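Student: Could you walk me through this one before my class? I'd like to go slowly and ask things as they come up.

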Amino acid sequence: MSLPKINVDGLKSFIPEDKILHLLQCKTTDRKQVEDIIAKSLDKQRLNPDEMAVLLNAEDPELVERIKEGARELKRKIYGNRIVLFAPLYVGNDCINDCTYCGFRRSNLELVRKTLAFDELEKEARSLEARGHKRLIMVYGEHPRYDAAFIAETVRKVYAVKEGKGEIRRVNINAAPLDVEGFKTVKAAGIGTYQIFQETYHRETYRSVHPSGLKADYLWRLFAFDRAMEAGIDDVGMGALIGLYHHKFEAMAMLYHTIHLEEKFGVGPHTISFPRIEPALNTDYASHPPFAPSDEEFMKMIAVIRLAVPYTGMILTAREPVALRNEAISYGISQIDAGSDIGVGAYAGEDETASGKKSQFVLNDNRSLDEVIGELCDADFLPSFCTGCYRLGRTGEHFMEFAVPGFVKRFCTPNAILTLMEYLLDYASQETMEKGLAAIRRELHRMPADNPMKNHLSQKLDKIVEGQRDLFF
């Protein structure tokens, strides 16, 4: 086990901090300007940084509400009402970094360190499958033991686990930056999206909160996606930890990061996340983040990011409380976790006290997967475990080829219906079963009678009722 070789010679940050700060000083009250920018987004075009800045700087309540309306309309146009569900699986919390905001930091002596053995990892996967999960993100601390070979082996182990009719069909990973060869190794294991957060794009703040460890190198982390894409991983997920620096700056920086990837590789990130700092065991910084936005500011940022990057999936995790997550879904969130536990070894029945001492932070949404699915159906959303695009090669640039003409709804809504039916038959409570079947009937009713996809979908639903599984378009 060894650390990847770091070579940042010749690399230069593509985040123009001075320009971002200048743009964020330019306020606007021009309704037509805001309307024109929203219209561009609704035409499914990515916004430019100056346009995004106009939306972030708009403070008039009427303009802010118009931005939210635009985000809601765009969400409906591109994603329909589907919400993709996943669960986090923490593999280990050993870490060589000393990030001041993180419960995993190496100087946190109150944290109980734990890395799952392979038999323990299998138990976790079985427990998740027994609840109905099909999509996971596996999370690792940053430590030499979690090298590319270890990550690849854990991914393969999880894919191999079958519990009843359950299986994990897509494993994404959140892990330390690797070199190109390391990324090739994890790609060969069949990972879906490689996710990593820059935490903060503001370089001075980054330096202050990452005093030591491999993570202290800003450029090594900033160019992680470049190396991943060079290795052939075309689905990447970026994010910033909101509260370390001003949320408007981080939003702008993620747009610049998106543009960098588009210009160099022809495709931007598959997903964007914006977790807010939450309290963590023995971590005072996390209880008093210096740039914590209000809920209203946070929600507006979500709406603006939705408009800025129309085809990028947006993730909001169980860090946030239920009411806020429910509202944010309407502004553009397309993926959420459900039934989550972030303690290492928590799903297989570890006691709550021990799990809390192995966790990175505190969750605010503790609903079960079944409860989340039922509530989504009640609210006229369509829960989805779809992995069709990934398994048919519709990823990266190929995904954009399908998404830009509006094919996301064409493929993803039917696939969402199929995966929801699987869940209802195999795992749902009676109450959720009734809500889910009503949601499926609504979706079928909305499909035009002359749509050939409707007949094909009905045939596949019949096959699922008869016992077949894993059908998709």
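Student: To begin with, where is the place of aspartate 470?

Tutor: Aspartate 470 is found in the segment after helix 21, which covers residues 452–466. Helices here are DSSP runs of H or I with at least four residues, strands are runs of E with at least two, and both are numbered from the N terminus. Please keep in mind that this is a predicted model, in which local features need pLDDT of at least 70 and side-chain atom pairs count only at pLDDT 80 or more, while totals for chains, interfaces and linings use all residues. Residues are numbered from 1 along each chain as its sequence is written, and side-chain values use heavy atoms, with hydrogens and water left out.

Student: OK, and what is the phi of aspartate 470?

Tutor: Aspartate 470 has a positive phi of about 65°, although it is not a glycine. Asparagine 282, which is not a glycine either, has a positive phi of about 55°.

Student: Where does asparagine 282 lie, and is it buried or partly exposed?

Tutor: Asparagine 282 belongs to the loop between strand 8 (271–273) and helix 12 (284–287). Its relative accessible area is 37%, so it counts as partly exposed. The cut-offs are under 20% relative accessible area for buried, over 50% for exposed, and partly exposed in between, using a 1.4 Å probe and protein chains only.

Student: Switching to rings, how many aromatic pairs does a search of the whole structure find?

Tutor: The search finds 14 aromatic pairs. One of them joins phenylalanine 274 and phenylalanine 298, whose ring centres are 6.1 Å apart and whose planes stand at 75°, so this pair is edge-to-face. The rule is that rings of Phe, Tyr and Trp (its six-membered ring) pair if their centres lie within 6.5 Å, with planes under 30 degrees apart counting as stacked, over 60 as edge-to-face and the rest as tilted.

Student: Which parts does the pair of phenylalanine 274 and phenylalanine 298 tie together?

Tutor: Phenylalanine 274 lies in the loop between strand 8 and helix 12, whereas phenylalanine 298 is in helix 13, so the pair links parts that are 24 residues apart in sequence. Phenylalanine 274 is buried, with a relative accessible area of 1%, and phenylalanine 298 is buried as well, at 0%.

Student: What about phenylalanine 385 and tyrosine 423, are they stacked or edge-to-face?

Tutor: Phenylalanine 385 and tyrosine 423 are stacked, at 6.0 Å centre to centre with 25° between the planes. Phenylalanine 385 sits in the loop between strand 11 (382–384) and helix 17 (388–391), and tyrosine 423 in helix 19 (residues 407–426), so this pair ties together parts 38 residues apart in sequence.

Student: Back to phenylalanine 298, which residue lies over its face?

Tutor: Arginine 276 lies over the face of phenylalanine 298, at 4.2 Å from the ring centre. A charge counts as sitting over a ring if NZ of Lys or CZ of Arg is within 6 Å of the ring centre and within 35 degrees of the ring normal. In the same way, lysine 157 lies over the face of phenylalanine 118, at 5.2 Å from the ring centre.

Student: And which aromatic cluster is phenylalanine 118 in?

Tutor: Phe118 forms one aromatic cluster with Tyr140, Tyr146 and Phe150.

Student: Now isoleucine 302, where is its place, and is it buried or exposed?

Tutor: Isoleucine 302 is in helix 13, residues 295–308, and at 0% relative accessibility it counts as buried. Leaving aside neighbours within four places in sequence, isoleucine 302 is in contact (heavy atoms within 4.5 Å) with Phe274, Met314, Leu316, Ala328, Tyr331 and Ile333.

Student: Last topic: how do helix 16 and helix 20 cross?

Tutor: The axes of helix 16 (residues 369–378) and helix 20 (residues 430–446) come within 9 Å and cross at roughly 40°. Axes are lines fitted to C-alpha atoms, for helices over the stretch in contact, and angles run from 0 to 180 degrees between N-to-C directions. Helix 16 and helix 20 are therefore oblique to each other, given that angles under 35 degrees count as roughly parallel, over 145 as roughly antiparallel, 65 to 115 as roughly perpendicular and the rest as oblique.

Student: How much of helix 16 is buried?

Tutor: Helix 16 is mostly covered, with seven of its 10 residues buried, including Leu369, Val372 and Leu376. Just after helix 16, aspartate 380 takes a positive phi of about 70°.
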